[in-house]
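Q: Can you walk me through this structure? I'd like to keep it quick.
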Amino acid sequence: MPKVTLNPYIRYSASAPNMFLDLRESPDHVRFRELPRAVNAWDLNRFACEPPLPVMIFYNPSFPWYIETRTKNPVGVTLHEMFEAIWQCMMTPITQEDYYNNEMDQAAREAIALAWAERCGDNAEERNKGVKRVDFMMEKVGFEGV
């Protein structure tokens, strides 16, 4: 199998991140450092990696779930599909089992509840939707690449 290379727009660099997306925001707010303009549909229709892969699975140690992205086209996952899968995962409400698992203590639950309260603010409709997976990220909501 040939070596897979990530699209330069999403390749992580600690010294100069190539992208930024607040995971509490929709993928429409993604920004790429190389682009001096707003990201458009053409930019997001590029493949997430070369050679293109039909499935990509993402993992973060701060997050107890995997994010699986499957392409809808016959070639490979696009940046749009990748960001959409991340967004859908982040906006998924958690279950009681997620919140009260054996690996979390009361301090972690309180930090997640605080992140939820900050994300929702005074928006009663959003508060009624409950804690979402993005709240597990607490203050670490800046996505700067893969």
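Q: In which sense do strand 2 and strand 7 pair, and over how many bridges?
A: Strand 2 (residues 19-22) and strand 7 pair in the antiparallel sense, over 2 bridges. Strands pair if DSSP finds at least two bridges between them. Strands here are DSSP runs (E, at least two residues), helices too (H or I, at least four), numbered from the N terminus. This is a predicted model: local features need pLDDT of at least 70, side-chain atom pairs pLDDT 80 or more, while totals for chains, interfaces and linings use all residues. Residues are numbered from 1 along each chain as its sequence is written, and side-chain values use heavy atoms, without hydrogens and water.
Q: What stands opposite Leu-21?
A: Phe-143 in strand 7.
Q: And which strands are at the edges?
A: The open sheet has 3 strands in the order 3-2-7. Strand 3 (31-32) and strand 7 (142-143) are the edges, each pairing on one side only.
Q: New topic: which residues of helix 2 are buried?
A: Among them are Leu-79, Met-82, Phe-83 and Ile-86. Buried means under 20% relative accessible area, exposed over 50%, partly exposed in between (1.4 Å probe, protein chains only).
Q: Which residues line the largest cavity?
A: Leu-21, Leu-23, Glu-25, Pro-27, Phe-83, Ile-86, Trp-87 and Met-90. On a 1 Å grid over the protein atoms alone, a cavity is a set of points where a 1.4 Å probe fits but cannot get out; lining residues have an atom within 4 Å of a point.
Q: Which element gives the largest share of that lining?
A: Helix 2 (residues 79-90), with 4 residues.

Terms used
On a 1 Å grid over the protein atoms alone, a cavity is a set of points where a 1.4 Å probe fits but cannot get out, and a pocket is an open set with protein on both sides within 12 Å along at least five of seven lines; lining residues have an atom within 4 Å of a point.
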